[in-house]
Amino acid sequence: MADEALFLLLHNEMVSGLYKSAEQGEVENGRCITKLENMGFRVGQGLIERFTKDTARFKDELDIMKFICKDFWTTVFKKQIDNLRTNHQGIYVLQDNKFRLLTQMSAGKQYLEHASKVNFR
């Protein structure tokens with residue numbers, strides 16, 4: 001439980017710090033988002049490498065997605081993914097209705113004014 005609280009605080013501070021540097025003109029907003037995405041990619045890559053080092057090779061994309069939805073998500077977020085959808089053409093959509101890293105941010109009114117300014121690809 002303490003680990004979770006520390007992780008949430010660290011995550012909130014990283015996001016807040018990057019956006020404050022954009023507001024103060026130190027870095028443009030697009031570069032802050034890219035920096036945050038790169039950090040998230042690297043952390044996710046490291047976690048996946050660590051979690052899969054002792055597992056057998058995956059047979060196909062569906063096995064990879066099952067691993068992410070059940071094992072990985074359960075280990076990191078203490079719950080399974082709520083929904084996994086595919087169009088059977090290589091597109092997968094994972095849905096987590098109570099994603100803890102965003103629920104606290106989305107509950108605060110101060111983030112509503114910034115929500116319209118952020119462009120996600």
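**View 1. Lys79 pairs with Asp82 through a salt bridge, their closest N and O atoms sitting 3.3 Å apart.** A salt bridge here takes a side-chain nitrogen of Lys or Arg within 4 Å of a carboxyl oxygen of Asp or Glu. This is a predicted model, where local features need pLDDT of at least 70, side-chain atom pairs count only at pLDDT 80 or more, and totals for chains, interfaces and linings use all residues. Residues are numbered from 1 along each chain as its sequence is written, and side-chain values use heavy atoms, with hydrogens and water left out. Lys79 is partly exposed at 24% relative accessibility, and Asp82 is partly exposed too, at 39% (buried is under 20% relative accessible area, exposed over 50%, partly exposed in between; 1.4 Å probe, protein chains only).

**View 2. Asp96 also reaches Lys79, with 2.7 Å between the closest N and O atoms of this salt bridge.** Asp96 lies in the loop between β2 (92–95) and α4 (100–107), and Lys79 in the loop between α3 (61–77) and β1 (83–86), so the pair ties together parts 17 residues apart in sequence. Helices (H or I, at least four residues) and strands (E, at least two) are DSSP runs, numbered from the N terminus. Through shared partners, the salt bridges join Lys79, Asp82 and Asp96 into one network. The salt bridge count comes to two.

View 3. Asp96 is buried, at 16% relative accessible area. Leaving aside neighbours within four places in sequence, Asp96 is in contact (heavy atoms within 4.5 Å) with Trp73, Lys79, Ile81 and Asp82. The backbone nitrogen of Lys98 lies 3.2 Å from a polar atom of the Asp96 side chain.

Notes:
Polar contact = N/O pair within 3.5 Å; in protein donor to acceptor, adjacent residues only side chain to side chain.
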